[in-house]
Every structure is written in C-alpha cells, then in structure tokens.
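Me: I would like a close look at a single part of the structure shown here, followed by some account of its surroundings.

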Amino acid sequence: MCCNELQMKKEALSVINQNLYRPRFAELNASAREALMGSLADEFGLAFKGMETFSRWGQTCCTGVFEKDGRELVFVPGDTVTLGWDRFAVGLDEDNLAELNYLFGEYEYKGTPRDFILEDMAPVRQAAISPMLAGRKLEEIGWEPVAFQDPRLLAHPDWLEEFEEHKRSGMRGLNLVGHARFNYIDGQWRVFLYHDVTYPQLKELLRSQGFSLPTADEWSYLCGGGCRTLFPWGDGLKSDLHLLHFEAPEDEDRPYDMKEPNFFGLSIAYDPYMREVVEADAFTTCGGDGGCNICGGMGPLVGFLPCSPHWKPESHEDDMLDIDFDFCRPVIRIGQGQE
C-alpha cells in the first residue's frame, strides 16, 4: 500500500470514528446512520434488527438495535460529558421538600436538602465516554435454567415436595434461598438452580463471550446521558411517576415509568433493590442499594436516590455477588478492543 493510499485509509477511519460520537452521529442522515450500524453488526458478529428512535426526558437518539446470543443491544454513541452532582439545577418541589423535612424531623438532621443529598453523590467531573453497544436489559447472575428432570434437582426430593405444596396453594413463585427457584412464566412453571458467583468469575464469563461490564462513569452516562439534574427528568421525583414499591394495587398493570426505555433505549435504574455490577478494581455496584433506604422507611425520594445517575458507586468488602440483588449489563466498547 502506497503512502497516499495509507493516508486516505487513515482519514476514512478517522471520519468513521468521529461518526460514532454523539455530536456527529446525530447529524448523519438516515442512510448513513443505518450503513454505520450495518458495519458494526459485521465487525462484532451481531444480528442487526433495525433502527429505532428513543426519546425521553428531553433527550433523543435514533440508533441501531442488535442481537447477540439472545441478548438485545443498542448502539450508544460516545461523548465527553459532565458527571456527578453538587447542586440542584432547578430545586425540589413542595412534595419532595415536605418528605425531606419530615425525615429531618424524625432523625433530627440539621442540614439543608442539598447537604443531605450531597453526602451520597459522586463528585462532579468530566468524562470521555467511548461509543459502545450496551445490553438493553439487566441480566440475572447465578440462576441456571434447568429441566424438571435434571438429576441435580431430582437429587433433592424435598425441594420438589415444597414446590408441589406451594403450587397447590395457588402461588406463582417460590425461592428456596441458596438452592433453587420456581417461577410461573408465560403459562408454565420453570425451575432455576442457584450457583455462587464471584466478581472475578462474572468478569471472566463476560470476557469469554466478548463482553465486559460498564465502568461507573459509563454507567452514569448510560443512565443520565450527562444530565445536570438530580434525575434524568429533573430534580426530585415527579408526582405523576409510576414507581415500583410505592404504588397502589390497582396501578399494577400500568407500566413503571423508570423501567420504560430511556433516551438510549435502555431499561436502567428503575428499582432500588437491583444493584448493577460495574467494572472496577474491586466489586462495585451502581443503580441501587439493595433496597436499604426503602426498607428503612425513608420514603420515595430517598428510596430512589440510589437510582440517580450521580449516586456514588458502592464498593463491597468481598467478591461474592448476592444474586438476589446484583445484576449485570453486558457492553461491547467500540474501538478499544475487549478487556
């Protein structure tokens, strides 16, 4: 290859790379954007399902939807954004302030709402986020689907007896902690066996499949898109949000607002009980606190603060994952290779 051809190839690659970042990606016409998505499908061995536009909370992204090994992924363009939180952009409304003032009275807290929230928020910083392909949904860890005839299950007739008694009672789910789980899904019973999983084991499993975990900064971007408010939609909880754990039974059939796809097409940070494992030197999670604030009777606002994109990542003392509370979101970083 001559010098001119090499230079032309470098320039072409540079243009493609720039198109993978949010400012340029948003300016591409429909055919150019779709061609770019097709090239990503070829490069990473994905099934390209088509283009889809996601618009939520003042942010919009028209992007590609893919599938690999049963996982649905979306392309998330890269960007340089400000992450973290140190002040309200607008401020809390009367309902949110009333909730905090009640708590402050109960616990004799003397600080301001900003002081109270700031204690658990990550510091403000600039972050360069690489483009990536991100799993649209959280995935369970450590539960293996098996047949009812699996020898490992048949070796424990007491588990099956407990399941049969549970089924006769009309219930639709049974969790034998640390052993097995039975769920009624799509009109039939399914069974899952429990496996202990450590943080290094999870990372190695994803690596062997061509995936990795997002970092805490990447997770914050996937969740908030660089928003400067406490939550992606603004400061505080809006009164019309349909929230997990705080709604009346008659609202159960209504979709939960925070679980619906966000502006990147991701279902993310919608349940404080669900901690999302992220890439770090030690076992670290974002997006939930295992329900600690809710169980402590702290109310909706404080209960959902761990779902803020700016919540401080939580480092854990050991490497053993809690598969009832810890979940993962596989990602493929584009242009950096696999970890």
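Which residues of α9 are buried?

Reply: With the caution that this is a predicted model, the buried residues of α9 are A216, E218, W219, S220, Y221, L222, C223 and G224. That amounts to eight of the nine residues of the helix, which spans residues 216-224, so α9 is largely enclosed by the rest of the structure. Just after α9 comes G225, whose phi is positive, at about 65°.

The largest of them has 80 residues, of which F75, L133 and L202 touch the most other members. If neighbours within four places in sequence are left aside, L202 is in contact with I141, V197, L213, V277, L321 and C328. In soluble globular proteins, nonpolar side chains tend to be buried together.

There is also an open sheet of five strands, paired antiparallel in the order β1-β2-β3-β6-β15. At its edges stand β1 (47-56) and β15 (331-333), and because each has a single partner strand, one side of each is left without a neighbour in the sheet. On average, and with direction ignored, neighbouring strands of this sheet are turned by 25° against each other. Within the sheet, β2 (residues 59-68) and β3 (residues 71-76) run antiparallel and are joined by four bridges, and F66 has L73 in β3 as its bridge partner.

Technical notes: Residues are numbered from 1 along each chain as its sequence is written. This is a predicted model: local features need pLDDT of at least 70, side-chain atom pairs count only at pLDDT 80 or more; totals for chains, interfaces and linings use all residues. Side-chain values use heavy atoms; hydrogens and water are left out. A nonpolar core is a set of buried Ala, Val, Leu, Ile, Met, Phe, Trp, Tyr and Cys residues joined through side-chain atoms within 4.5 Å. Buried means under 20% relative accessible area, exposed over 50%, partly exposed in between (1.4 Å probe, protein chains only). Contact means heavy atoms within 4.5 Å. Helices (H or I, at least four residues) and strands (E, at least two) are DSSP runs, numbered from the N terminus. Two strands pair if DSSP finds at least two bridges between them. Axes are lines fitted to C-alpha atoms, for helices over the stretch in contact, and angles run from 0 to 180 degrees between N-to-C directions.
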